[in-house]
Amino acid sequence: MAEKTIMLVCAAGMSTSLLVSKMQKAAEKEGVDAEIFATAASDANNKLEEKHPDILMLGPQVRYMESNFKSKLDIPVEVINMQDYGMMNGEKVLAEAFKTIGVK
């Protein structure tokens, strides 16, 4: 079982797949066992129940969902920085997730 589980949500779940790959490589480089996965906004509730992530990160295109998730979840909900998302900067997005959930 992974030490930390990070869930990314975007409109269709496809644009974040490359970001997941880059974040996974960054986690391996850091020596952290992390399960990182992406899902479509339409399937987010199912994945939350199934995977019980430590943090939910929203793609900039679904930032409008932030308050809804924050009101019903007891885990951190963050919107991915638009520039980091656009550049697919897995290291920076991973660092932000780890900072939020307290991974050194």
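Is Thr5 buried or exposed? In this predicted model, Thr5 is buried, and its relative accessible area is 7%. Thr5 belongs to strand 1, residues 4–10. If we set aside neighbours within four places in sequence, the contacts of Thr5 are Glu35, Phe37, Lys51, Pro53, Asp54 and Ile55.

Now to the charged pairs. There are five salt bridges in the structure, and I will go through some of them.

Start with Lys29 and Glu91, whose closest N and O atoms are 3.2 Å apart. Lys29 is exposed, with 64% relative accessible area. Glu91 is partly exposed, at 47%.

Glu66 and Lys70 form a salt bridge, with 3.0 Å between the closest N and O atoms. Both residues are in helix 3, residues 66–72, and they are four residues apart, about one turn of the helix. Glu66 is partly exposed, with a relative accessible area of 22%. That value falls in the partly exposed class because buried means under 20%. Lys70 is also partly exposed, at 45%.

Last, Glu50 and Lys47. Their closest N and O atoms are 4.0 Å apart in the salt bridge. The two are three residues apart in helix 2, residues 44–51, which puts about one helical turn between them. Glu50 has 51% relative accessibility and counts as exposed, since the exposed class is over 50%.

Conventions:
Residues numbered from 1 in each chain as written. Predicted model: local features only at pLDDT ≥ 70, side-chain atom pairs only at ≥ 80, totals over all residues. Heavy atoms only, no water. Buried < 20%, exposed > 50% of the residue type's maximum accessible area, 1.4 Å probe, protein only. Contact = heavy atoms within 4.5 Å. Salt bridge = Lys/Arg side-chain N within 4 Å of Asp/Glu carboxyl O.
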